[in-house]
Amino acid sequence: MRTFYIFKIKEEYARLTKNNPYHLFKMLSYIYNIDRGEIARGADLFYKMVERIGAKELDIKIFKKYQDNYFYTKFKNIHQVNNIYKKEESKLVVHKHFLLLKSTVIRPIFLEDLKEYPNLFLCDFENKDYFWLEKITTNL
């Protein structure tokens, strides 16, 4: 199962790192792995780079799209798809400053819903994988 953190990067940082996302990943990885004593510094850096996601609007939009889907369930800000035919188990947790996506497939169904949002950057810190969302969704 892969775990992706999805961030909406501020426009100025997105322009600087669009063609070379390695540095953006390293900064976010540094914040993810920061020592407890430096949390304030990490939070300050995080809020300088990351925009708020319209969490309530996104939550409602996803619910309206999938509410009649047999494989879909929702509880508070957690959306899940358990499609037994495609062998997909995906869970999207909507937070104010990031999204958490856990999935058993390479291209979870929720990525299609997120591609309209600009400057979304996905990080899998455990597997050291990262990419801009719009670069991969063109083939979905």
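Buried residues (under 20% relative accessible area, 1.4 Å probe, protein chains only) account for 41% of the 140 residues in the protein. The model is predicted: local features need pLDDT of at least 70, side-chain atom pairs count only at pLDDT 80 or more, and totals for chains, interfaces and linings use all residues. Residues are numbered from 1 along each chain as its sequence is written, and side-chain values use heavy atoms, with hydrogens and water left out.

Six helices and eight strands are present, taken as DSSP runs (H or I, at least four residues, for helices; E, at least two, for strands) and numbered from the N terminus. Their order from the N terminus is β-α-α-α-β-α-β-β-β-β-α-β-β-α. Among contacts (heavy atoms within 4.5 Å) between residues at least 6 apart in sequence, 56% join residues at least 24 apart. The C-alpha atoms fill a box of roughly 45 × 30 × 25 Å along the principal axes.

Aspartate 113 belongs to helix α5 (residues 110-114). This aspartate is buried, at a relative accessible area of 5%. Beyond its neighbours within four places in sequence, aspartate 113 is in contact with Lys61, Lys65 and Tyr66. Its side-chain polar contacts are tabulated below; a polar contact is a pair of N or O atoms within 3.5 Å, where within protein one must be able to donate a hydrogen and the other to accept it, and residues adjacent in sequence count only if both atoms are side-chain atoms.

| Side-chain pair | Polar contact |
|---|---|
| Aspartate 113 and lysine 65 | 2.5 Å |
| Aspartate 113 and tyrosine 66 | 2.6 Å |

Methods. Buried < 20%, exposed > 50% of the residue type's maximum accessible area, 1.4 Å probe, protein only.
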